[in-house]
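Hi,

Here is the structure I promised to pass on.

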Amino acid sequence: MHNNTTDHADEPARFPCIETERALSRAQGLMKALKKELPEIWQRDIAKDILGELSTARAGFKEVLQNNREERARLTELACDPRVI
């Protein structure tokens with residue numbers, strides 16, 4: 001009998017939230033480095049706009065994570081409440 005399931009035990013754990021934050025941070029760092037090398041003022045202005053959008057994205061993502069953390073804590077507290085049973 002052939003088993004079509006894949007054993008993922010040897011793979012490192014993935015944390016999409018952390019990976020997303022790292023990717024946004026890296027993109028921001030790369031854009032900052034690139035901005036210094038851009039020859040035209042209009043190109044630097046566009047890079048500045050992109051950096052602003054990346055900053056906004058990181059702040060929004062941080063807020064989503066905080067809201068999720070608070071909601072998980074609330075649900076955990078609710079699930080542990082003896083009056084719920």
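Let's start with a term you'll need: a salt bridge is a side-chain nitrogen of Lys or Arg within 4 Å of a carboxyl oxygen of Asp or Glu. Before we use it, please note that this is a predicted model, where local features need pLDDT of at least 70 and side-chain atom pairs count only at pLDDT 80 or more, while totals for chains, interfaces and linings use all residues. Residues are numbered from 1 along each chain as its sequence is written, and side-chain values use heavy atoms, with hydrogens and water left out.

**Salt bridges**

Side chains of opposite charge can pair when their charged atoms come close. How many salt bridges does the rule give here? The count is 2. One joins the side chains of Glu-21 and Arg-58, at 2.4 Å from N to O. Glu-21 sits in helix H1 and Arg-58 in helix H2, so this pair ties together parts that are 37 residues apart in sequence. (Helices are DSSP runs of H or I with at least four residues, and strands are runs of E with at least two, numbered from the N terminus.)

The other salt bridge is between Arg-74 and Glu-71, at 2.7 Å from N to O. Both of these residues belong to H2, 3 residues apart, which is about one turn of the helix.

Glu-21 is partly exposed at 24%, and Arg-58 is partly exposed at 25%. Arg-74 is partly exposed too, at 43%, as is Glu-71 at 34%.

**Helix H1**

The expected span of a helix is 1.5 Å times one less than its number of residues. For the 22 residues of H1 that gives 32 Å, and the end C-alpha atoms are 32 Å apart, which agrees.

Which residues of H1 are buried? They are Leu-24, Gln-28 and Met-31.

H2 is part of what covers the buried residues of H1. Take Gln-28, which is buried at 11%. Leaving aside neighbours within four places in sequence, Gln-28 is in contact (heavy atoms within 4.5 Å) with Leu-51, Leu-54, Ser-55 and Arg-58. Arg-58 is also the partner of Glu-21 in the salt bridge above.

**The nonpolar core**

In soluble globular proteins, nonpolar side chains tend to be buried together. A nonpolar core is a set of buried Ala, Val, Leu, Ile, Met, Phe, Trp, Tyr and Cys residues joined through side-chain atoms within 4.5 Å. The largest one here has 7 residues: Leu-24, Met-31, Leu-38, Ala-47, Leu-51, Leu-54 and Phe-61. Helices H1 (16-37) and H2 (41-80) each give two or more residues to this core, and H2 supplies the largest share, 4 residues. As for Leu-38, its contacts beyond four places in sequence are Gln-43, Arg-44 and Ala-47.

**Cysteines**

A disulfide is a pair of cysteine sulfur atoms within 2.5 Å, and the count of those is 0. Cys-17 is partly exposed at 39%, whereas Cys-80 is exposed at 61%.

Happy browsing!

Key. Buried < 20%, exposed > 50% of the residue type's maximum accessible area, 1.4 Å probe, protein only.
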